[in-house]
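Hello,

Here is the structure I promised to pass on to you. Have a look at it first, and then read on for what turned up in it.

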Amino acid sequence: MSATSTPNAPTFVAKTKGGRITNFVDERVGGSGILREFGRKVFPDHWSFMFGEVALYSFVILLLSGTFLTFFFDPSMAETHYEGSYTPLKNVEMSVAYSSSLDISFDVRGGLFMRQVHHWSALLFVASVSVHMLRVFFTGAFRKPREMNWVVGGVLLILSMAAGFTGYSLPDDLLSGNGLRIIDGVIKSIPVVGTYISFFLFGGEFPGTVIIGRLYMLHILLVPALILLMIVLHLFMVVVHKHTQYPGPGRNDGNVVGYPLGPVYAAKAGGFFFIVFGVIALMAGFFTINPIWNYGPYDPSPVSAGTQPDWYIGFVDGALRLMPGTIGDWSVEQVWFGQVFSFNVLLPALVPAGIIFTVLFTYPWIERWITKDNREHHVLDRPRNAPTRTAIGMAGFVWYCVMWAAAGSDLIATHFHVSLNDVTYWLRALFFVGPVIAFIVTKRVALALQRKDREIALHGRETGRIVRLPHGEFIEVHAPLDEYKRYKLVGFESPSPLPAEPNAHGVVDKKEKRRALLSKWFFEDRVAPATPAELAAAHGHHGEHEAIESGESQKTLSH
Amino acid sequence: MKALSQKRRHPLAAIALLLMGLLVTGGLYAVATTVNQAKATTTFSANDAEEGEKLFEANCATCHGMGASGTQDGPSLVGVGAAAVDFQVGTGRMPMQMNAPQAPKKPVQFNDEQTHQLSAYVASLGPGPSIPEASVLDGQGDAAKGGELFRVNCAMCHNAAAAGGALTRGKFAPALSGVSSKHIYEAMVTGPQNMPVFSDANLPPEGKRDIITFLKQIEANGSPGGADLGSLGPVSEGLFVWIAGLGVIIAFTIWLTSRTS
């Protein structure tokens with residue numbers, strides 16, 4: 001209000017020195033505005049929402065520990081003789097890369113710990129990315145408007161596998177060399193161009209002298225940069241879309257119910273970083289990972305028993321193990337036009353992974369096409385309330401797990417004292433039958449759970465208290481649910497199949513008919529949530545349970 | 001000399017030459033392959049062999065036949081040598097518990113003296129690999145050399161860290177930690193169960209000594225990086241991170257998101 005203030009006098013002068021510095025910065029970067037905006041962002045609280053955070057934190061730990069390792073690692077494949085302190089390898093001829101990895105393990109202070117931190121957090125990184133994606137899939141969080149973020153997540157999964165694999169190959173020990181040899185074999189199995197690609201990649205015949213250096217550059221430069229870029233995109237879209245929430249009273253597609261980021265949530269998230277770091281540090285301190293000194297230097301001739309890739313590449317290795325070399329009398333490897341076609345390598349290495357990632361990337365669009373659901377969804381589905389989607393997810397999960405198990409077939413055989421051949425035969429059968437069984441069982445379980453929910457919503461909780469009525473009838477007293485609990489059980493959508501609709505020309509085309517068939521398959525078996533009328537009826541007529549009993553045939557329940 | 005040259009066109013000369021060639025080749029081969037069997041240093045008394053025969057007839061002859069000549073259920077033991085008996089009986093693999101793809105290690109059924117007597121009896125049936133001398137079992141060889149030999153010759157079945165591995169149809173290569181130097185050596189020279197024989201011609205005693213040195217050294221070293229999770233490689237590491245690592249983290253997430261009120 002003072003009329004004496006000049007136009008360029010600061011409107012606010014902080015009292016303390018710290019305050020003045022803060023103000024100086026704030027006036028130039030607008031930090032308080034950003035903080036106000038982000039600090040007020042609301043996040044719903046649920047344990048299953050934290051796997052993405054675990055992935056992010058593992059990635060930060062990977063960057064920190066990885067930087068430490070680059071100080072001491074030398075990616076050269078030049079020959080040297082080991083002169084370090086691990087006596088069982090003394091004077092053994094090896095590459096500089098392996099020698100420097102051994103030096104990190106035995107002669108750099110804290111080096112082994114950092115190597116183990118790096119490797120454990122790599123395993124945890126891919127694991128948490130995977131669990132996060134499973135959570136997103138099974139709760140339907142990939143639906144509009146988040147389809148593109150789901151794709152970015154899929155790209156992150158592939159990039160994290162690439163980061164893991166390139167890192168796994170760097171120490172140039174026997175195990176990693178065997179892994180590289182398998183990749184070389186897969187590349188060479190690509191018809192016509194395979195051998196050329198392999199020679200290009202390895203700079204000549206495997207193993208050559210350049211591959212470690214090339215993988216190192218990918219591992220520390222390109223792949224992490226791409227991951228970082230994708231993380232930025234991913235988080236940006238999370239901010240734009242806001243977080244999803246589980247169904248509950250007062251939660252709908254137009255709001256987010258939870259806690260603001262600042263200060264409690266930010267403190268919790270910051271603390272959680274140190275918890276993740278602590279868990280990884282404990283694992284690294286107490287449990288060996290990738291004991292490269294056991295494997296010895298890489299030499300193309302020996303292949304150790306129990307040679308496996310890290311878990312995230314395991315499903316590809318498992319598929320390779322499951323593939324027969326001959327089917328009956330027909331050899332899967334064929335020579336056509338003077339070219340060798342190694343389908344016994346090509347098919348298992350590329351087809352299952354191709355199917356998994358194609359379905360993963362396209363699923364949001366497939367489901368949107370079947371359901372014609374173009375609305376925005378911010379409230380998640382409980383997995384049981386989308387039985388067909390949950391069943392599809394479980395079928396894929398089981399398929400993946402069968403291949404995963406196959407990668408450890410030799411260890412299953414030795415540890416359970418069964419024949420390796422039998423393990424392979426069973427897993428081959430499960431490869432085809434497992435997903436089908438998983439689909440049927442999951443769908444039935446989901447429907448049964450829905451029916452149980454409906455039952456509880458209508459009749460309340462069984463108290464176990466038996467009362468004898470004056471005319472002699474015994475009944476069990478059911479305690480009604482409170483409104484909050486009941487909301488969870490009845491507050492969901494259960495769409496019925498959407499019949500084929502004519503297009504703009506009034507024609508029901510073939511594609512639309514196919515869509516209608518799929519929609520029928522998707523939504524046919526359904527348990528509708530209890531309607532207010534049904535609830536009123538149930539609560540009005542105690543004792544007359546039969547009238548509103550949820551019938552065995554769920555199809556009659558749909559209206 | 002003249003007589004020999006005169007008879008060189010004799011009709012039987014070719015046959016005589018062939019016979020001579022075969023004898024020389026066979027004789028040299030026999031000498032070469034029994035190089036490692038020739039140093040029978042463990043002395044068995046006649047009494048040992050007699051007692052061993054009694055034990056053999058009571059415990060082994062059911063399958064291996066009288067005089068160890070073999071039956072449909074068990075191979076002949078003539079010429080397998082004392083080392084084979086000492087390994088199979090000394091690790092409890094024989095007498096076999098049941099017909100299985102492979103006889104597993106189990107608590108030993110005979111004491112040292114009885115094992116010695118059985119070895120004496122089988123050794124008396126024909127020449128074969130003998131029980132190794134202490135000089136190759138002392139673990140004072142070159143561990144690094146032994147490691148290389150192990151990775152080239154043994155790791156494909158026994159695993160690079162000697163943690164064992166699977167073979168086809170229920171057969172397996174056992175883990176080697178806790179196996180005595182003597183038994184490791186005997187296994188190499190006799191090739192028990194599904195193991196190939198590493199004769200002194202393709203793996204000299206010095207190399208075997210190096211391998212034993214390597215195995216004993218990595219066993220004594222333990223695991224520098226903490227608990228070794230069975231030394232089974234990425235499978236046990238993956239299981240551990242999914243179950244223990246992610247399990248602990250999930251417990252923390254539940255704790256963090258539970259309401260304090």
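One term before the rest: two residues are in contact if their C-beta atoms, placed from the backbone, lie within 7 Å. Please also keep in mind that this is a predicted model.

With that in hand, start with chain A. Among its contacts between residues at least 6 apart in sequence, 73% join residues at least 24 apart. Chain A has 19 helices and 10 strands, and its C-alpha atoms fill a box of roughly 95 × 95 × 60 Å along the principal axes. Of its 559 residues, 38% count as buried.

Next, the nonpolar cores. The largest one holds 158 residues, and the members that touch the most others are Trp120(A), Ile280(A), Val402(A) and Val122(B). Helix 5 of chain A, residues 111-138, provides the largest share of this core, with 15 residues. Another core, of 5 residues, lies apart from it; Ala457(A), Leu458(A), Ala530(A) and Ala538(A) are among its members. As general background, nonpolar side chains tend to be buried together in soluble globular proteins.

Which residues is Val122(B) in contact with, leaving aside its neighbours within four places in sequence? They are Ala68(B), Leu77(B), Val80(B), Ala82(B) and Val85(B).

Now for a contrasting spot in chain A. If you want one pair to look at, Ile466(A) has Glu476(A) in strand 10 as its bridge partner. The hairpin formed by strands 9 and 10 has 5 residues between the strands, and Gly472(A) takes a positive phi near 105° there.

Finally, the place where the two chains meet. Here 52 residues of chain B are in contact with 55 residues of chain A. On the chain B side, at least two residues each come from several elements, including helix 7 (143-153), strand 1 (165-166) and helix 10 (205-221). Helix 11 of chain B gives the most to this side, with 17 residues. By type, the residues on the chain B side divide into 30 nonpolar, 17 polar and 5 charged.

Enjoy exploring, and do write back with any questions.

Best wishes

Notes. Residues numbered from 1 in each chain as written. Chains lettered and ligands numbered in written order. Predicted model: local features only at pLDDT ≥ 70, side-chain atom pairs only at ≥ 80, totals over all residues. Helix = DSSP H or I, 4+ residues; strand = E, 2+ residues; numbered from the N terminus. Buried ≥ 20, exposed ≤ 12 C-beta atoms within 10 Å, placed from the backbone. Core = buried A, V, L, I, M, F, W, Y, C linked by C-beta atoms within 7 Å. Pairing = 2+ DSSP bridges. Nonpolar A, V, L, I, M, F, W, Y, C, P; charged D, E, K, R; others polar.
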